[in-house]
Every structure is written in C-alpha cells, then in structure tokens.
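User: I'd like to go through the ligand site and the chain contact around it. Can you take my questions one at a time?

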Amino acid sequence: MSDSADDLRGWLVQRVASYLEKDPAEISTSVSLTKYGLDSVYAFVMCGDIEDHLNVTLEPTVAWDYRTIDALAEHLDTLGGR
Amino acid sequence: MSEMLEKLLGDPWDPANPVNHAAVVAADERQEMFAEGERLLDEYGLNAEFVPVAFGGRLTGVDRLVRVMRSVWRRDPALGLGYGASSFIASVNVWAAGDDGQRRAFADLMLANRKIASVYHELAHGNDFARAEFAATPGPGGRLLLNGRKEVVTNLERADSMVIFTRTSDEEGSRSHSQLFVHKADLPPDRMTYLPRFPSSGMRGVQLGGVVFDDCPIPDGSVLGTPGRGIETALCSFQLTRTALPSMMVGVVDTGLRATLRFATARALYGRSVAAIPQVRSILAEVYADLLICDAFGTVAARALHLLPRETSVYASLVKYVVSKQLIDAMDRLSLILGAHFYIREGVYAVFQKLLRDLGVIGFGHAARVACLATVLPQIRQLARRSWLTADEPPAGLFQIGGELPPLDFAALTPSAAGRDSLSTAVLPDAALPGEVAVLAGLFADELGLLKQDAAELRPRDLGVDASPEALRVAARYATVLAASSCLNVWRAGGGDPAWVVAALTRLAGQLGRGSGRLPEAISRRLFDELLDRHGENRGFDLAGLPLPG
Amino acid sequence: MDLDTLLGDPADPDTLFSYARCAELDRREEFPEEICRELDRLGLPARYVPAEHGGTLTDYPELLDLIRTIARRDLTVAVGHAKSYLGSVSVWVAGGRAQAGAVAADVIAGVPASWGLTERTHGSDLLAGEVRATPVPGGYRVTGEKWLINNATRGSLLSLLARTDPDGGPRGFSLLLIDKRELDGADYTCLPKVPTHGIRGADISGIAFHDAPVPESALIGPEGGGLEVVLKALQLTRTICAGLSLGAADQAIRQAEGFTAERRLYGRLLSEMPHVRRTLGEAHAARFVAEAVTTVAARGIHALPSEMSVISAVTKAFVPARVDELIFACGELLGTRAFLTEVHDHGVFQKLARDHRVVSIFDGNSFVNENALINQFPVLARGYRSGPADGPGLSRLLDLSAAVGGPDHSGFTLVSRGGCGLVQGLQAAVDGLSAPDAERARQRQDLGTVEARARELLAHCDDLHAELAAYAPNPREVPPEAFVLAQRYEWCFAGAAVLQLWLANPGWKDQVWPEAALTYVLARLGSNPDRAIFDRLFDETRERA
Ligand SMILES: Cc1cc2nc3c(=O)[nH]c(=O)nc-3n(C[C@H](O)[C@H](O)[C@H](O)COP(=O)(O)OP(=O)(O)OC[C@H]3O[C@@H](n4cnc5c(N)ncnc54)[C@H](O)[C@@H]3O)c2cc1C
Ligand SMILES: Cc1cc2nc3c(=O)[nH]c(=O)nc-3n(C[C@H](O)[C@H](O)[C@H](O)COP(=O)(O)OP(=O)(O)OC[C@H]3O[C@@H](n4cnc5c(N)ncnc54)[C@H](O)[C@@H]3O)c2cc1C
C-alpha cells in the first residue's frame with residue numbers, strides 16, 4: 001500500500017476518534033465503522049470531511065461501501081485524489 | 001385536475017351530498033373506510049396520480065400531486081392516507097429502485113384501482129428502521145424466504161401487493177437491507193398470518209394491520225434494485241413522501257379553518273358575531289398566515305424535487321418538521337375558538353374533531369419530527385460551509401407556483417445533499433424589496449449568519465443520535481430560514497399585495513425569538529378580510545386559491 | 001390510607017378503577033357508574049361539602065389533591081364525579097343554612113348534582129340566557145333549555161341559572177336549585193347524551209323545562225343575584241379545574257417516562273438521548289409551575305378570598321393551557337403509542353390527551369378568563385405600586401406549614417380591589433434575596449441562579465405593569481394586544497408563585513426546582529435563559545425515582 005494510503009489512514013483514525021470522542025489509540029482500522037456506532041446518516045459527516053480534506057467529490061455513501069478505515073483508505077487512495 | 005376531482009366529490013358542506021362531512025364523520029364512527037368516497041375515487045382513478053406519465057399515469061409534478069391530494073385530505077384524511085397516500089409511499093420505492101418490469105407491474109395494479117401496502121414498520125424498532133429484524137434469507141432452492149413481523153401498516157390486509165423493507169444480510173451497516181415488491185397471489189397461503197387490526201384514536205377508518213411471515217418463499221426477481229441498497233432507496237424515497245404528505249395535509253387545516261369561520265360568522269355572542277371579536281379575528285388571520293407558510297415551503301420543496309433533486313434530502317425532512325407542527329398548532333388554536341363545538345362529535349362542526357384527531361399522525365407517522373432534524377444534522381456543517389450565504393441563486397422556476405416542471409428524475413436523488421443548498425441563501429434581501437419586507441428578510445439573513453457560526457461550532461457528537469437539544473435547535477432554526485426563504489421568493493416571483501408575505505415572515509421570525517410573532521394590526525386586518533373574501537367566494541385558502549364546489 | 005391506595009393498583013385489570021376498565025368504558029361510551037359508586041362508598045362526596053354543613057371539606061388544597069388523584073387515573077371519572085361539587089357550590093357560596101343543610105345531606109348520600117349555565121346558542125354569553133323563571137305565587141315557573149350540561153340526565157339536583165327579569169341584565173338572572181325528584185315527568189325532558197371527543201363516557205347532555213313549578217325556597221341567594229353568585233362560584237370551580245389538569249399532567253409524564261425508560265432505539269435507551277432528557281426535564285418544570293399556581297389558588301381560597309377573581313382567572317387560563325402543551329411534548333416522545341389505543345398501556349395516553357382538552361373549554365375558556373383579567377388591569381396596575389394589600393394573608397397563603405383555616409365561602413368579590421398580593425409581593429421577595437439575612441443563610445442552601453432569574457422576572461414584571469398602567473380599557477373592543485398582556489401577566493404570576501412559595505418554605509425543594517421553573521417561565525416571557533437546567537432537573541427526578 002502506498003504512503004498516501006497510510007497518511008490517509010492516520011487521518012481517518014484521527015477523524016473517527018474525534019467523532020467518537022475517543023483516544024485514536026482505541027480505534028482499530030479493521031473494525032467496521034458501524035460497530036463503533038457510526039450509523040448510516042452519520043457516515044455523511046465523514047464523507048463531507050473527507051471531501052474537504054482531499055478536495056474531491058465522493059458518493060455520500062462511500063463509507064457504507066467501504067466499511068472499515070482500511071477499506072476506505074485504500075479506496076480513497078485508488079481515487080488518487082490528492 | 002384537482003378541479004375535476006373537486007367537482008366529482010362536490011360540496012362537503014352540502015347536506016344533500018352523499019360524500020359530505022357528515023358521511024365522513026359517520027364512517028369514522030364506524031371505524032370504517034368511507035366506502036362511498038372510495039367508490040368515487042375509484043371512478044376518478046386517483047391512483048393514476050401516483051403513476052408517472054411514462055407508465056400511463058398522470059404524475060407530472062409533485063406540487064400538482066399534492067394539490068390534487070389536498071382535495072381528498074380536506075374531506076377525509078383517512079381516505080387521503082388509506083385510499084391514496086399509502087400506495088404513494090409504496091410507489092416511490094418502485095420508481096426509485098425498481099426495474100422496468102416492476103414499475104410496469106406496479107403501474108398496472110395502480111391503474112386497476114388496487115392497493116399496495118408500504119411495509120416498513122416494526123413496533124420494536126420504530127424510526128430506527130436500520131435495525132429492522134424482518135429478514136429475507138436465501139432458502140434451500142436459492143429462493144428468498146421471509147421471516148419476521150411487520151406491524152401497524154396501512155391496508156396490509158386488503159392490499160394486493162406489498163413493498164416490504166427487509167434485512168437481506170446479517171452484516172451490520174448500511175448495505176444490508178432491501179425493498180421487495182411482492183404480490184400476495186404469488187405467496188403460499190400458509191406462510192403468512194395477519195395480526196389483528198390495530199385500533200387508533202385518529203384515522204380510525206384506516207385499516208392498520210400486521211403480519212407474521214414464517215419461512216415464506218417469494219418469487220425470484222422480487223428485490224427492487226440492487227440487493228443491499230435498501231437504506232439508500234429509503235432515504236431517497238422518503239424525500240418524496242416527507243415533502244408531499246405534510247403538504248397534502250394543508251387541506252386538513254383548510255377545512256378546519258373553514259369550519260371555524262362558519263362557526264364564527266354564524267355564532268352570536270354579546271350581541272354580535274364571534275367573527276367580530278378582535279381576538280378571534282387576529283387568531284384566524286394568524287392561522288391563515290401559518291397555512292400559507294406551510295403551502296409555500298411545501299410547494300417549493302416539491303418543485304425542488306424536480307429542479308434541485310440533489311438538495312432535497314435536506315428540504316424534505318425540514319418540510320416535515322416545520323409543516324407538521326404548524327398545522328397541529330393551527331388546529332389547536334382553531335379548536336379553542338370553536339370551544340364546545342370542537343368537543344362534540346355531532347352537528348355541523350363534528351368534522352373538526354375528526355380532522356384534529358386524524359392530523360395527529362403528521363407528527364410521528366412515517367418519521368418522528370425530531371428524527372427529521374436528526375437526518376439533517378450530519379449534513380449541517382457541510383451545508384454551512386459550502387452554501388450558506390454564498391450559494392448561487394436557485395433556478396427561477398423553483399418559486400413559480402403552478403409553473404411547468406421537468407419530469408422527476410429519481411436517479412438524481414441522493415441520500416445526502418453534500419452541502420448543496422441554494423434555498424436558504426435566497427432569503428437575502430435586495431434593493432428591489434419594499435422596505436417592510438426587506439427588514440423582515442434581513443432578520444433571516446442575519447439568522448443564517450448566526451447559524452453558520454453555530455453550525456461550525458457543533459461538536460461531532462452533536463451531529464448524530466446523541467445530538468444535544470441545542471444542536472437540534474440549530475437544525476430547527478435552519479428549517480425556519482428555509483421556510484422564510486420559500487415564502488419570500490414565492491411572493492417575489494408572484495408579486496401582488498405583500499401583506500401575506502409580511503405576515504408569514506413575521507410569524508416565522510417570532511419562532512426565532514425575533515419579535516412576538518404577532519401580526520401588526522393593519523396586516524392582520526388585510527389577511528382577515530382576504531380570508532373572509534375567500535370563504536365567501538368559496539375558494540381554497542392556499543396560495544393557489546382555486547374555486548371550490550358549492 | 002390515602003385515596004390512591006384505597007382505590008388499588010390501576011395497572012391491575014382486576015382492580016375496579018383500573019386503566020383497563022376505563023379504556024373499555026371509553027370505547028363503549030359508558031358512564032363509569034360502578035367506579036363512581038366506589039368513590040361514593042369511600043366517602044368522596046362528603047369531601048365536596050363544607051364541614052359547617054355536615055361534610056368534611058375544610059381544606060381546598062386537600063380537595064384539589066383528591067381530584068388530581070382521580071384525574072390521574074381517569075379524567076372521565078374525575079369530571080363525572082366532581083360535578084356534584086360544581087352542582088352544589090353555589091349553595092355553599094350563597095345559599096341559606098337550611099337549604100345548604102338539605103343539599104349537603106343529598107350530596108353526602110351520593111345524589112349527583114349538576115350545574116346548568118350554558119345554553120345551546122349562547123355559550124359564554126350568560127346574560128343572553130333564555131331559560132326563564134317566571135315569578136308566580138309561592139315560587140317560579142321554569143321554561144327553556146340548558147344544553148351541554150354535565151350530569152344533566154343522571155343528576156337529581158341542578159343549580160340552574162334562569163332569567164327572572166324579562167329584561168335581563170346583570171340583575172335579571174337568578175340561581176335556582178332544581179330538584180328533579182320533586183318535579184313531574186311532564187315538567188322536564190332530559191336531552192340525549194351528546195357524543196364527545198374525549199370523556200366519552202361522561203353524561204354530557206341537557207335538560208329542557210316545560211313550565212316546571214319550582215318553589216320559592218329553591219332560590220340560591222337573592223332574586224336577581226344569579227350572575228353574581230355564578231361569578232363567585234366560578235372562582236372556586238375554576239380553581240378545582242386545575243386539579244383535573246395536574247392529574248392529567250401526572251399521567252402524561254408517567255407514560256412518557258415509562259416508555260422512554262424501556263424503549264431502545266439506535267442501540268440505546270430513549271431516556272439516554274439528550275433531547276428526551278431535556279423534554280422530560282422541561283415537562284417536570286412545567287408541571288411544577290402549574291402546581292405552584294394551583295397551590296396559590298387553592299390556598300388563596302382560604303387566605304385571600306377577595307383576590308380570587310384574579311387568582312382563579314389566571315389559574316384557569318394558565319394551568320390547562322400549559323398542561324395541553326405538556327401533553328403534546330410527552331406525546332411526541334411516545335410516537336405511535338400516543339395514537340394507538342391498544343398497543344401500549346391500554347391506550348391511556350391517547351385517552352387523556354382527548355379528555356384533557358375539555359378542561360380549557362368548560363367553566364370559562366381562556367378567552368373569557370383573560371377577559372376577566374383585562375377588566376381588572378386598572379386595579380392590578382395600581383396595586384403593583386403599593387405592594388400586597390393583605391400582607392399577613394399572603395404570608396399565610398405562602399407558608400405551606402401554616403394552617404389555612406376553614407374556607408369562608410362568603411368572602412369572594414367580583415373585582416379584587418387590592419389587586420393581586422402575590423404579584424405585588426414580588427419586589428419585596430426579590431429584595432429579600434440580597435438582604436444580609438443571617439437567618440436565611442443558615443437555613444437555606446445555595447441560591448444558585450435563583451437570584452439572577454428572580455431579578456429578571458421582576459424586570460419583566462415591572463415592564464408589564466407599566467404597560468398595564470398605560471392600557472386604556474375598552475370593554476367592547478378588547479384588542480388582541482390586551483390578551484397578550486393578560487398572558488404575560490399569567491406568566492409573571494406563575495413565576496411569582498414559584499419564587500415566593502420556595503422562599504417561604506425552606507427545605508421544601510432544592511434549588512434546581514425554582515431554577516428550572518423560573519427558566520421555563522422566563523423563556524416564555526421572551527428571555528433566552530440556558531435551558532440545560534432542565535437536564536439537571538431530569539437527573540434529579542431520576543435519582544428520586
Ligand atoms: C395511521 C398510521 C398509519 C401507518 N401506516 C404505516 C404504513 O403504511 N407502513 C409502515 O411501515 N408503517 C406505518 N405506520 C407506522 C409508522 O410509520 C411508525 O409509527 C413510525 O415509523 C414511528 O415509529 P414509532 O412511533 O414506533 O416511534 P419510535 O421510533 O419508537 O420513536 C419514539 C420517539 O423516539 C424519538 N426518536 C425517534 N427517532 C429519533 C431520532 N433519530 N433522534 C432523536 N429522537 C428520536 C422521538 O421522540 C420519537 O417520537 C403507520 C402508523 C400510523 C399511526
Ligand atoms: C364536555 C362539556 C361539558 C360541559 N359541561 C357544562 C356544564 O356542566 N354546565 C354548563 O353550564 N356548561 C357546560 N359546558 C359548556 C361550557 O361551559 C361552554 O363550552 C362554555 O360556556 C363556553 O361556551 P362555548 O364553548 O360554546 O363557546 P362560545 O361562548 O360560543 O365562544 C366561542 C368563541 O368565542 C370567543 N370568545 C367568547 N367569549 C370571548 C371573550 N369574552 N373574549 C374573547 N373571545 C371570546 C372564543 O374564541 C370562544 O371560543 C360543557 C361543555 C362541554 C364541552
């Protein structure tokens with residue numbers, strides 16, 4: 001996996017930790033976001049934040065289809081949207 | 001079209017009309033659907049209103065659909081829901097996600113005057129439909145088997161077909177549900193058991209049913225769209241229903257207002273008519289303004305479904321939030337004028353208490369008001385950042401009441417507006433506004449600026465189910481700004497006497513704590529006079545103000 | 001044992017006065033005959049009769065509590081039974097001793113009484129009444145119809161307002177105590193039961209008299225004094241109505257709390273969601289405010305009867321309206337379960353929501369009561385400048401540990417010359433907050449934000465009274481603005497009630513209660529106080545539960 005995917009993963013961990021008001025160390029990148037309690041509509045918050053961060057346009061449902069931080073990071077990396 | 005339907009149904013106040021208010025009340029007392037009303041709606045072919053023209057129906061614009069349906073709702077909400085809207089709720093899933101064959105099948109059933117139930121709700125999960133337990137799982141032969149229960153569903157038993165919301169995967173997440181389009185005739189008779197009817201305090205004629213499925217096989221090809229996309233389909237479909245249903249119910253308050261005016265003009269107290277009491281007049285004028293607010297917001301949101309479909313996930317939920325409370329409050333205030341005549345279930349005004357009971361469903365039915373705010377919150381920071389105070393002007397057609405619209409493009413609806421909102425910024429005043437209107441518009445522009453700051457400061461947890469009341473209030477205030485922008489721009493587009501828009505904006509500003517919400521004497525008088533005129537001329541109280549029979 | 005215990009567990013369908021039975025009677029629109037008989041057996045009717053006439057009514061706060069206890073279970077029963085109080089109260093206010101004694105004996109024996117004021121085409125306009133009592137030797141001949149009368153059919157006794165002077169006017173009406181048992185079948189007709197939106201089982205009907213002979217001894221008070229007696233009696237009954245509202249509020253909160261404490265949505269209990277806690281906390285604050293107002297009114301009957309024309313009008317306009325709002329808020333939490341009649345707890349909620357709406361309508365609706373306030377604006381404005389007219393009376397009213405003394409049913413007046421001591425005492429109460437008072441510091445816990453809120457309330461109250469003073473009364477064309485002033489007055493009154501009751505009764509409630517209550521009041525007076533206090537109140541009620 002590319003460096004940028006790693007960066008992205010780190011950034012996503014930070015984001016998710018902030019949504020959950022948790023320590024980033026507690027966030028696993030392989031656990032489904034739903035398990036953390038980020039429900040279907042909350043995923044739109046994340047989508048918006050990613051769009052602003054990467055300056056890309058995404059399907060709002062991106063986090064429904066890529067359900068873990070790992071999967072998301074990988075997907076975003078393939079978009080090459082940096 | 002609504003003229004034709006109005007004519008067919010006749011003057012509801014006419015004692016000789018077999019489908020008058022008294023007959024509607026009598027059906028309610030028997031807890032039955034109003035049979036004569038259903039017969040006439042069959043004759044009119046009301047279902048065709050829910051079927052796009054491309055499939056042989058008459059559905060062109062959602063605003064037009066709403067107008068037609070108001071003719072039904074203003075007479076009998078139980079017909080509105082139990083004859084019409086419940087099939088409409090089912091239909092949008094099919095137009096949004098079905099394939100051509102499914103759409104055609106749906107259209108054919110509708111055009112043959114059949115009923116189709118929209119089967120979402122489980123008592124154990126209510127608004128949290130993502131946790132629905134009802135499941136469709138592949139059986140031995142690969143066919144889907146249905147298991148589980150659905151409850152409090154309109155027409156469940158008498159419908160020929162059902163659109164069922166079901167879990168299709170065990171996985172958590174938002175890709176685990178689907179809608180099914182199922183015809184009862186295709187099901188083995190012993191795998192489906194109806195539950196006893198659920199009686200209710202309003203909508204008493206509507207047959208609320210339940211069902212339990214036990215390993216019930218369904219035909220292949222029953223899933224609407226790609227399996228697993230059910231939540232997405234629901235969130236898109238809801239945009240039509242959350243917009244259209246509350247807006248249809250404006251018809252209920254039209255009759256409520258008409259009943260109250262009849263009472264107030266006929267009743268003599270202290271040697272003059274009740275309608276001459278200044279306090280009564282001022283309440284009636286305010287209720288009229290509130291009704292116009294609901295119509296303007298609902299109509300603009302309905303037109304947005306055609307013109308700005310990528311924005312309507314926000315507008316639809318907020319229409320439901322605003323209109324539901326405005327209409328309930330309107331009926332409550334009117335009930336106090338009717339006094340004892342509201343409280344009794346006989347006589348000329350008996351229809352009022354029925355309407356008031358029926359209208360209750362607007363608050364929680366389909367989705368709780370607060371759940372509507374919760375739908376918008378996750379998007380709100382993005383909306384604020386990307387659109388508020390900076391968005392481009394919306395297309396002019398958005399505000400042209402009755403203007404032509406392009407056909408609905410269901411594929412363009414999206415579960416999130418992704419920050420797009422051109423309606424709120426349109427509230428900004430410009431030099432062309434008359435002073436009084438400009439001042440009022442300025443209040444909302446100011447509010448939008450504050451909201452922009454407040455939205456930016458929301459904590460992450462405030463964007464989800466754990467939102468604080470203050471965060472929900474941000475969404476609610478935003479809803480008020482959208483309603484105000486709708487009123488302002490509908491008036492800008494249509495022109496004419498600004499009295500109503502001054503009244504509407506004054507009322508809405510009051511909800512933001514900007515002023516008392518009470519109408520200035522001169523405005524109140526103008527609205528009341530207009531109300532009396534329309535009542536005398538027998539015209540609708542909504543923006544279109546079309547003539548009514550009788 | 002208290003009444004509630006005696007009546008048994010309402011949730012148990014085998015209890016006579018159960019939710020299940022009341023739901024069934026409502027469906028069938030049947031009068032709760034057996035339940036009312038049980039209340040008779042438990043001696044409730046005697047509680048409607050002043051001790052001086054042989055009953056056990058010595059304390060209105062107690063009577064309100066009883067009504068509230070019954071209303072909490074079921075409003076139909078409360079309305080159906082308490083009607084005997086409304087039907088007889090005019091006699092306590094204006095009847096002679098012998099007459100009162102006879103009526104008392106009947107009421108105590110469980111003979112239902114009713115109150116016939118309203119006519120089909122005249123509603124609130126009592127002076128337009130057409131039922132006439134024509135003087136004849138030895139008494140009157142009564143003709144005409146009263147309609148929408150609670151217990152008109154079941155009741156044997158009826159306090160009837162009738163025109164004794166064909167020209168009418170304020171002295172043209174008299175109150176007659178009609179005893180149907182003494183009439184001939186041809187003298188009157190009971191009108192059919194009128195189906196109603198709520199209290200469906202109640203006997204809401206009417207009665208038409210056909211030249212019915214009534215003896216002179218039936219007069220309650222002097223001939224021509226009918227309107228005056230009615231307006232005084234209404235000061236009592238309007239207060240009693242608040243008991244109906246409080247009972248409904250109790251049940252609405254109980255329903256919402258019960259449901260939200262068990263309902264799981266989105267993986268959590270509803271009662272854990274911030275907006276649910278806020279809503280319930282605010283409901284508690286609303287009920288507390290309504291209670292404070294009602295307490296002032298009930299004790300006012302004893303301690304400040306001459307101010308009851310103001311107090312009762314505020315109470316009747318304010319309390320039912322707040323409780324209607326509270327019911328709506330609780331209903332939003334219950335969702336479908338506030339609408340379905342059989343899914344949740346016997347449909348108790350939808351029933352009480354329908355039932356309670358009548359409280360705002362009968363016995364004078366909010367418009368009529370606010371009109372009564374508006375007519376007294378001049379005295380209220382004047383009195384505000386001079387403080388409470390009866391300081392000791394006010395102190396007795398506020399001190400919940402003080403005995404109020406038996407009610408003096410003859411102490412009511414049509415206009416309160418002294419204004420309203422409670423509101424007029426606000427300034428002193430607020431001043432007292434900052435007085436260096438060692439006693440207070442020792443007795444009382446932290447004032448919290450009470451002081452700041454109280455000052456804000458006082459500022460609103462000062463502004464309001466300046467406007468009241470500037471208001472030029474125009475009894476015929478009462479402008480809508482006057483009603484707004486009246487509503488603001490009600491809120492100020494409510495705030496004053498909360499604050500002064502709390503100050504006068506150290507140890508009664510900790511300070512989160514007045515803080516939340518004043519927040520509730522100030523929000524409606526146009527301030528924008530921090531509402532987080534409702535969350536604390538919710539937590540506090542949780543801890544106690
Ligand atoms: C006349 C009638 C007809 C109906 N017809 C149909 C039909 O045809 N098909 C069908 O599927 N269903 C139908 N229903 C069911 C209806 O859709 C449900 O009642 C509705 O989904 C609400 O569920 P609930 O009342 O169980 O509320 P719950 O989900 O239990 O909600 C209770 C309360 O929780 C709070 N709450 C809920 N969600 C949130 C949130 N996101 N954030 C904060 N607070 C929240 C709210 O205060 C809400 O009122 C019908 C109901 C009625 C009364
Ligand atoms: C269930 C039930 C039980 C009842 N039981 C009894 C009973 O036992 N005995 C009895 O005598 N009556 C009884 N009533 C009648 C009740 O007291 C009347 O409802 C009441 O007198 C008001 O009359 P109304 O509701 O017809 O309204 P109206 O007097 O016709 O008033 C209509 C409207 O005019 C306006 N209005 C009236 N007066 C004013 C004003 N001064 N200022 C501004 N606006 C005003 C208000 O908007 C009001 O709602 C009962 C009614 C009901 C529904």
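User: Which side chain has an N or O atom 2.8 Å from a nitrogen atom of ligand 1?

Analyst: Bear in mind that this is a predicted model. A polar contact needs N or O atoms within 3.5 Å, and the pair at 2.8 Å meets that. The side chain belongs to Thr154(B).

User: Between which chains does ligand 1 lie?

Analyst: The polar backbone atoms point to the place: an oxygen atom of ligand 1 is 3.2 Å from one in His366(B), and an oxygen atom of the ligand is 2.5 Å from one in Glu332(C). The shell also draws on both sides, with E1, E3, H13 and H14 of chain B plus H10 of chain C each giving at least two residues. Ligand 1 sits between chains B and C.

User: How many residues of the shell around ligand 1 are nonpolar?

Analyst: In total, 31 residues surround ligand 1. Three of the shell residues are charged and nine are polar. The nonpolar ones number 19.

User: Which residue of chain B forms a salt bridge with Glu332(C)?

Analyst: Across the interface of chains C and B, six salt bridges turn up. The cut-off is 4 Å from a Lys or Arg side-chain nitrogen to a carboxyl oxygen. For Glu332(C), the closest N and O atoms are 3.2 Å apart, and the partner is Arg369(B).

User: What is the area buried between chain C and chain B?

Analyst: The contact involves 53 residues of chain C and 57 of chain B. Carbon and sulfur atoms give 60% of the buried area, which comes to about 4,800 Å².

Terms used:
Residues numbered from 1 in each chain as written. Chains lettered and ligands numbered in written order. Predicted model: local features only at pLDDT ≥ 70, side-chain atom pairs only at ≥ 80, totals over all residues. Heavy atoms only, no water. Near = heavy atom within 4 Å. Polar contact = N/O pair within 3.5 Å; in protein donor to acceptor, adjacent residues only side chain to side chain. Helix = DSSP H or I, 4+ residues; strand = E, 2+ residues; numbered from the N terminus. Nonpolar A, V, L, I, M, F, W, Y, C, P; charged D, E, K, R; others polar. Contact = heavy atoms within 4.5 Å. Buried area = accessible area lost by both parts, 1.4 Å probe.
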